[in-house]
Amino acid sequence: MKKKNLKVVTIGGGSSYTPELVEGFIKRHSELPIKELWLVDIEEGREKLEIVGSLAERMVDASGIDCQVFLTTNREEALINADFVTTQIRVGQLDARVLDERIPLSYGMIGQETNGAGGIFKALRTIPVILDIVEDMKKLCPDAWLINFTNPAGMVTEAVMRYGQWEKVIGLCNIPVNAIEEESKMLNESPRNLFFQFAGINHLHWHKIQDNQGVELTDKLLDIMYGGKESKSIVANIKENNLILEQVKNLGMIPCPYHRYYYLTDRMLEEELKDFEENGTRAEKVKKIEEELFNIYKDTNLHVKPQQLAERGGARYSDAACEIINSIYNDKRSIMTVSTKNNGTITDLPYDCVVEVTCFITGKGPVPFNFGNFEPQERGLLQLMKSMELLTEDAAVSGDYGTLLQAFTLNPLITSGFKAKKMMDELLEVHKSYLPNFFDEKEL
């Protein structure tokens, strides 16, 4: 018999995304009976937690549902007997992201939150913290599902499985969710009349599209997306930048928006450097957006998710997380694209690694649609990037300098050699306080 009163814990509850999460739970309450919603944050995030938490309480009260919101900085207290745990943390907060973007750009390389050197260092800071959370879950809520949408989502999810030895984890990214919505509009179709099959790894996947009769629509959409003057990015933090039609047509699949960093590195770097000089980093812009959002959240008359949240980037993340929880609880078998264990779904990658693929979300977790193998034009980059991910995860846990340098050397957005080493050393130094595995206690 299903449990009737659910307890959900959101770690990183002071995030600006939390109102969307609350909205998602409210609209599903008739089939997802959440009795307790715990919002957890660290002491440094207390002010944001209280602002967001007050809005969450107003949203729940206005909806009339039977649910209580709890705010705490005591993670262990929150996790006791939880049924689902969601993670949306940013170790080092936005100031760390500014450094992740600013320092690589100062070396003339891509400065981006989840790609290149910045993505590696976000993983290094995040993985040890997530593994600590998993250790708490083992003691306090051993039957709970962990739904992670902390970036880089694929590496974090893989570290939980590989090093945390925790199988009940799903990684979530909003890119496939946005693609389905936006590309369906391009085809003038309802998403319900189309089947999207995604395969790859987080922020490096490709997908194909068919209608319900099995008619292939991928080439048609490629022409719509890349055959015109300019394509429109479906991601707020990626510039609109048209890929080369001949190349993407040869792929035979729709590339993820983040592929622009690998397929158009020269142009993306040129535009990032220009934007950096004129306007600062994307992280600095996000800080301003967040300041505005939290001022809006303070309005005691506000009791719904404000429209301005869509400008933050990451739209539909939280709503998708709610649907995953709903689908597990009710064994709905919703079709969603998530990060989960490969188990032979993509034959080009290790059996036990984590991939991002289209799945049924069942009461026992994700069941992937079989994909098979990629052609060489996708396979080469995919295998290189998976190797880079595995090295990064190993370095995050071991604190081994040489392993981290190997990850830097493999990453195609980092110019390998002594320049890369110097940049890596600078990033290690500025993030020292968040990288205990790399430094002795007396060095911190």
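**Rings, strands and helices: a tutorial**

Student: Are phenylalanine 294 and tyrosine 297 buried or exposed?

Tutor: In this predicted model, local features need pLDDT of at least 70 and side-chain atom pairs count only at pLDDT 80 or more, while totals for chains, interfaces and linings use all residues. Residues are numbered from 1 along each chain as its sequence is written, and side-chain values use heavy atoms, with hydrogens and water left out. Buried means under 20% relative accessible area, exposed means over 50%, and partly exposed lies in between (1.4 Å probe, protein chains only). By that rule, both phenylalanine 294 and tyrosine 297 are buried.

Student: What kind of pair do the rings of phenylalanine 294 and tyrosine 297 make?

Tutor: Rings of Phe, Tyr and Trp (its six-membered ring) pair if their centres lie within 6.5 Å; planes under 30 degrees apart are stacked, over 60 edge-to-face, and the rest tilted. Searching the whole structure turns up nine aromatic pairs. For phenylalanine 294 and tyrosine 297, the centres are 5.4 Å apart and the planes sit at 70 degrees, so the pair is edge-to-face.

Student: About how much helix separates phenylalanine 294 and tyrosine 297?

Tutor: Helices (H or I, at least four residues) and strands (E, at least two) are DSSP runs, numbered from the N terminus. Both residues belong to helix H12 (residues 282-297). Being three residues apart there, phenylalanine 294 and tyrosine 297 are separated by about one helical turn.

Student: Let's move to strand S5. Which residues point the other way from Trp145 and Ile147?

Tutor: Strand S5 covers residues 145-148, and all of them are buried. Trp145 and Ile147 go one way, and the other way go Leu146 and Asn148.

Student: Which residue in S6 stands opposite leucine 146?

Tutor: Two strands pair if DSSP finds at least two bridges between them. S5 pairs in the parallel sense with strand S4 (residues 84-87) over four bridges, where valine 85 stands opposite leucine 146. S5 is also joined by three bridges to strand S6 (residues 169-171), again running parallel. There, the residue opposite leucine 146 is valine 169.

Student: What handedness does the crossover from S5 to S6 have?

Tutor: With the strands pointing away from you, a crossover is right-handed if the path from the first strand over the helix to the second runs clockwise. Here the chain goes from S5 through helix H6 (residues 153-162) to S6. This β-α-β crossover is right-handed.

Student: How many of the ten residues of H6 are buried?

Tutor: Among the buried ones are Gly154, Met155 and Glu158. H6 is mostly covered, with a buried count of nine.

Student: Which helix holds threonine 392?

Tutor: Contact means heavy atoms within 4.5 Å, and threonine 392 touches Ile120, Ala123, Leu124, Met155 and Ala407, not counting residues up to four places away in sequence. At 0% relative accessibility, threonine 392 counts as buried. Its helix, spanning residues 376-398, is H14.

Student: Which residue in the turn between S7 and S8 has a positive phi?

Tutor: Eight bridges join S7 to S8, and the two run antiparallel. They form a hairpin with two residues between them. The one with a positive phi, about 65 degrees, is histidine 203.
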